[in-house]
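Here's a quick briefing to read alongside the structure. Take a look at it first, then work through the points below.

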Amino acid sequence: MLKVRCTCGCPGISRRSFLRGASSVALGLAAVSVSPSSAPVAQVSDAPGGGVELLVRNVRVADDKPAMDLAIANGRFTAVRPDIAVDATRVIEAGGRAALGGFLEPHIHLDKALLEQRMPNRSGTLSEAIRITGTLKARQQREDVLDRSRQVLDMAIRNGVVALRAQPDVDPIQGLIGVETALVLADEYRNALDLQIVAFPQEGILKAPGTLAMMERALAMGAHVVGGCPYNERTWEDTQSHVDECFRLAQRYDRPIDLHADFADDTSDRRFAAAAYIAQKTIDTGYQGRVTLGHMTSLGALPPDQAGPVIDLLRRAEVNIVTIPATDTYLGGRKDPSSPRRGLTPVAALRNAGVNVTYASNNIRNAFTPFGKVDPLQIGNLLAHVAQLGSPDDQAYVLRMATVNAARAMGIADRYGLEAGKQADLVILDTDRVANALLDLPPRLWVVKRGKVVFEAKYEAKIYK
């Protein structure tokens, strides 16, 4: 029997839809102490003072250290150490279970989610996915977008996600409905999760006149990030101009940049080999650390001697990479007559070079990805399989990808983590070892956002022999 209760106070969540998804409380991911040997554990010399609002007792934040207590007040951790003696408004007895900083989703499309059953992608190709999505975008209605987006955000909360970067389309087909609804949701869910909003020109900028002005309006309305889709232009020269416009816009509004880039099986078309141009532009404009690239699959099709210089340039530019394993392996390699490619970002090569790499769900049950439940542990487990990241060190790295690496890519690393003084976001898993998170895909028992419990579940199971 599984009982769940959401305490985020989101007015748009129906009890029926919430309970329908509650049975999925079995997979997830989190974000801080992810390696038994490298998990950050902050200790303070003085006992925490009065006013502790939440005390989490006996929780495992690192497998090679004793169980810890977490004291929380005013939305922040005030102490992380064993055996804290203090009165608290609420106490969670974790019973030695593993805890991680809240999971992060650095790349997701809310406005296009849950559309697969309305118009399935029969061929499973990227070209059909784009065509279908264009048709459905023209029919978007505000309340429908809000309803589907709420379902996705509810999934995220149940799975321990505390922050997402949403990529609503901004183009003449859909207008600004994706940004407008995302702003509504960011306020509606503000107590349960943080929602970053990207002004994303899915249809191109030069190819879709009027898009650039709409992106400016989106930023003026409150969008947080300048998005881009440079491969969706007609020529390589237009792809370069697309990138240039994104940088000019970001500099004008002092916003970070997040581009869909190099989403193909190879680099025979230069529009899908823009990473080096983007990285050099990042260095030339002094935007190091503020640029993120999603997908990056065609880089994985290059031989090492060609990929190496590009990867080194990405490292020097401090570009963040978001791999999208579910979408990219599903769509990729379909035209290869034999030995089809996996269609995956070269995660190992980027990691070995020192590039910050994270991952995300991207699309949820639509023409690009017919599966998904906004569960970073599920996606991390998939990534570990297809990228052959199975050793204990590799598994710990995969957990870091969805937590501390994602925090860096989303620009929130300064306040993220299970350390005194950091924002009190965490998820407690129904497993007793941090290292077992990807193995067990355990239920999430408690999710805490800024010191408040926003989700809790009780799991009971019996085996009859």
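A disulfide here is a pair of cysteine sulfur atoms within 2.5 Å. By that rule, the count comes to zero disulfides. Keep in mind that this is a predicted model, where local features need pLDDT of at least 70, side-chain atom pairs count only at pLDDT 80 or more, and totals for chains, interfaces and linings use all residues. Residues are numbered from 1 along each chain as its sequence is written, and side-chain values use heavy atoms, with hydrogens and water left out.

**Cysteines**
- Cys229 is in no disulfide, and its nearest cysteine sulfur, that of Cys246, is 9.5 Å away.
- Cys229 has a relative accessible area of 0%, so it counts as buried (under 20% relative accessible area, with a 1.4 Å probe and protein chains only).
- Cys246 is in no disulfide either, and at 0% relative accessibility it's buried too.

**The sheet**
- Strands (DSSP runs of E, at least two residues, numbered from the N terminus) pair if DSSP finds at least two bridges between them.
- Eight strands make an open, parallel sheet, in the order β7-β8-β9-β10-β11-β12-β13-β14.
- β7 (103-108) and β14 (357-359) sit at the edges with a single partner strand each, so one side of each has no neighbour in the sheet.
- On average, neighbouring strands are turned by 25 degrees against each other, direction ignored (axes are lines fitted to C-alpha atoms, and angles run from 0 to 180 degrees between N-to-C directions).

**A closer look at one pair**
- β11 (residues 257-261) and β12 (residues 291-295) pair in the parallel sense over five bridges.
- Asp258 has Thr292 in β12 as its bridge partner.

Definitions and conventions:
Helix = DSSP H or I, 4+ residues; strand = E, 2+ residues; numbered from the N terminus. Buried < 20%, exposed > 50% of the residue type's maximum accessible area, 1.4 Å probe, protein only.
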